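User: I should like to examine the reasoning behind several structural labels. Please set each value against its criterion before concluding.

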Amino acid sequence: MLAGSAAGLGLLAMPGGAGAQVRLDITKGVVEPIPIAISPFAGDDVGTRDIGLAVADVIAANLESSGLFRVIDRRAYIQDPESLRQTPRFAEWRPINAQALVTGAVSRPAADRLVIEFRLWDVFSGSQLRGLRYELAADGWRRVAHQISDVTYERLTGEAGYFDTRIVYVSESGPRTRRVKRLAVMDQDGANHRFLTDGGQLVLTPQIAPDGRRVAYFVLRTPVPQIMMLDLATGRTSPLGEFPGMSFTPRFAPDGSVLLLTVARDGNSDIFSFDTATRRTTQLTQSPAIDTSPSFSPRGDRIVFNSDRGGTPQLYTMNRDGSNVQRISFGSGRYGSPAWSPRGDLIAFTKIQGGYFHIGIMEPDGANERLLTRSFLDESPAWAPNGRIIVFTRENPQTDRTRLMTIDITGYNERELPTPLDASDPAWSGLIP
Amino acid sequence: MAARPKPPAKPAPQKKAEPSPAPVAKDDNDFNALLRSVEQQNRRVEAPERRPGTGNATAERTAPPAAVAAPVALSASELAGIRRQIERCWNVPIGVPGIEAMRVSLRIQLEADGSVREVSIEESGRFDADHGFRTVAESARRAVLSCRLDLPAEKYAVWRDMVLTFSPGDALSG
């Protein structure tokens, strides 16, 4: 239950009379998962009915995983998918407290084509909130299920969705001393998993370009470590360019035109920007300290980074050209791996304090620091495109597993993302164009 | 690759699932009976003063009787009780951008059994244009429609018509 402010306690009642109205200020509420019913989509035959069931399953799993919805058990549904092709009988959905209802139908106009119709209903007002029709290739139903999840999420929560997205990460296998690291990509729910590199080279810190089509990553290979760019559609890789020293942690600018790099040379590391069109490199920091882990603000005008110029690793921000440096973290402990939220309102980071690793968030000026997690080793935070969920790496010494975890910025709903092997260094794409 | 979504060719007709129960036009509760008697008394008091040729009414004769002057209203505890019930039903959509500054007013008209006969969102223009406002307004509407209010039956005339103002900013700042 949220607490209300004392100032908002006003209860006003007009004097009695036939036309009088009571006026009440409602200043408290609850923040609970929205109860939602998701019916299997109707189909014309066994094949389309199977797809309709799978679409509903994907939507239900997506919404449930967000922590903002409670999907009502299908065994409580009275109306069947076929009868839901018409306007629902809302009176049958109210007793199970379904505040929203998702219905739909799948048809197959040609052997290799599908049509999926979807409707979102407000049960208590008996009104349709959204209705969409998708025409797609027969193997595209899963992506449409993600898109329907996004539409539903946005309509009911008021926030942008994040389900039609991908996560790129480093898949790890083998003993710690001879680790095989491969680049991998999957849908945000773990489906459609595939490896992008063969494990012959040690890969680190992948980043997805804002267009969702390219991945920049660091390859630790002899004689010269390199930043590589991979085209997700073709699988083709190409080196970005030669940099003096060792360059790592590439981070894209919001418009994709510039990559920020950390370049280490002679025991020092500084931050550089690299223009992907002109291939020109510009040095942004000149400190004798270790400056690393740069991340652009969503407007592209500021950069947050990590530096030990103050004695211990802390977080700093600067302008895009390296000017106007400001320290933003002042707490005890060691800060690292800052990542600016796509919404612009928060910066996620790793903090080592009291013998534990934490994933935390703070506002861009350093205010309102909050630690969301605590474990033996949490690191590499990255944001979902709606700025609400953070994905990070967790190493568990008891199980000897390294996995990807997600957590809501409220600190609730911590979940493990399914990956076939150990996983680290996640990067979350924007909504797929 | 999925094609761009389009609105369905034939959207399902939107209609209310259940017809609204007929409005209760009862006027036989204590409060309205009291009002009628006040009106009748006032008419009775005023009528003689309109006789031609007579002077102004005396103060004693035009003042309403003290026994019926006190307005019948919901007590502070009854108002707080209604408010508490609705707050328990309101799931605040905390992710809406700009929610801190939003205020959404709903006018609700109730049946004598406490069920909602009609709910309307004020600022209907903003409802159509501002998606964040619409999300908050719909959450408030869901709160009102899903809540089964326990109300003092004898004061139906007072609570049959209410305006509720939902302030998410206040809810979040507490």
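Analyst: A residue is termed buried if 20 or more other C-beta atoms lie within 10 Å of its own. By that criterion, 14 of the 17 residues of helix 2 of chain A are buried, and the helix is mostly covered. The model is a predicted one.

User: How do you know that the span of helix 2 of chain A agrees with its number of residues?

Analyst: The expected span is 1.5 Å times one less than the number of residues. For the 17 residues of helix 2 (residues 141-157) of chain A this gives 24 Å, and the end C-alpha atoms are 24 Å apart, so the two agree. After this helix comes A:Gly158, with a positive phi near 80°.

User: What makes the span of helix 1 of chain A agree with expectation, and which residue follows the helix?

Analyst: Helix 1 of chain A covers residues 46-66; its 21 residues should span 30 Å, and the end C-alpha atoms lie 31 Å apart, which agrees. The residue that follows is A:Gly67, whose phi is positive, near 80°.

User: Which elements do the buried residues of helix 1 of chain A pack against?

Analyst: The buried residues of this helix include A:Ile51, A:Val55, A:Ile59 and A:Leu63. The buried set packs against strands 3, 4, 5, 6 and 7 and helix 2 of chain A.

User: Which residues have the most contacts inside the largest nonpolar core?

Analyst: They are A:Ile36, A:Val55, A:Ile59 and A:Ile347, in a core of 106 residues. Contact here requires C-beta atoms within 7 Å. Leaving out residues up to four places away in sequence, A:Ile59 touches A:Ile38, A:Val102, A:Ala145, A:Ile148, A:Ser149 and A:Thr152.

User: Why is strand 20 of chain A called largely enclosed?

Analyst: Six of the six residues of strand 20 (residues 291-296) of chain A are buried, so the rest of the structure largely encloses the strand.

User: How do you know that strand 20 of chain A and strand 21 of chain A pair?

Analyst: Pairing requires at least two bridges between the strands. Strand 20 and strand 21 (residues 302-307) of chain A share four bridges, in the antiparallel sense. A:Ser295 stands opposite A:Val304 in strand 21 of chain A. Their hairpin has five residues between the strands, and A:Gly300 in that hairpin takes a positive phi near 80°.

User: What makes strand 24 and strand 27 of chain A edge strands?

Analyst: The open sheet has four strands in the order 24-25-26-27 (chain A), with antiparallel pairing. Strand 24 (334-340) and strand 27 (370-371) of chain A each pair on one side only, and they are the edge strands. Strand 25 (residues 347-353) and strand 26 (residues 356-362) of chain A are joined by seven antiparallel bridges. In strand 26 of chain A, A:Tyr356 is the bridge partner of A:Gln353.

User: Why is A:Leu421 called partly exposed?

Analyst: Buried requires 20 or more other C-beta atoms within 10 Å and exposed 12 or fewer. A:Leu421 has 16, so A:Leu421 is partly exposed. This residue is found in the loop between strand 31 and strand 32 of chain A. Beyond its neighbours within four places in sequence, A:Leu421 is in contact with A:Ser171, A:Glu172 and A:Ser173. The C-alpha atoms of A:Leu421 and A:Ser173 are separated by 6.5 Å, although the two residues are 248 residues apart along the chain.

Key:
Residues are numbered from 1 along each chain as its sequence is written. Chains are lettered from A and ligands numbered from 1 in the order in which they are written. This is a predicted model: local features need pLDDT of at least 70, side-chain atom pairs count only at pLDDT 80 or more; totals for chains, interfaces and linings use all residues. A nonpolar core is a set of buried Ala, Val, Leu, Ile, Met, Phe, Trp, Tyr and Cys residues joined through C-beta atoms within 7 Å. Two residues are in contact if their C-beta atoms, placed from the backbone, lie within 7 Å. Helices (H or I, at least four residues) and strands (E, at least two) are DSSP runs, numbered from the N terminus.
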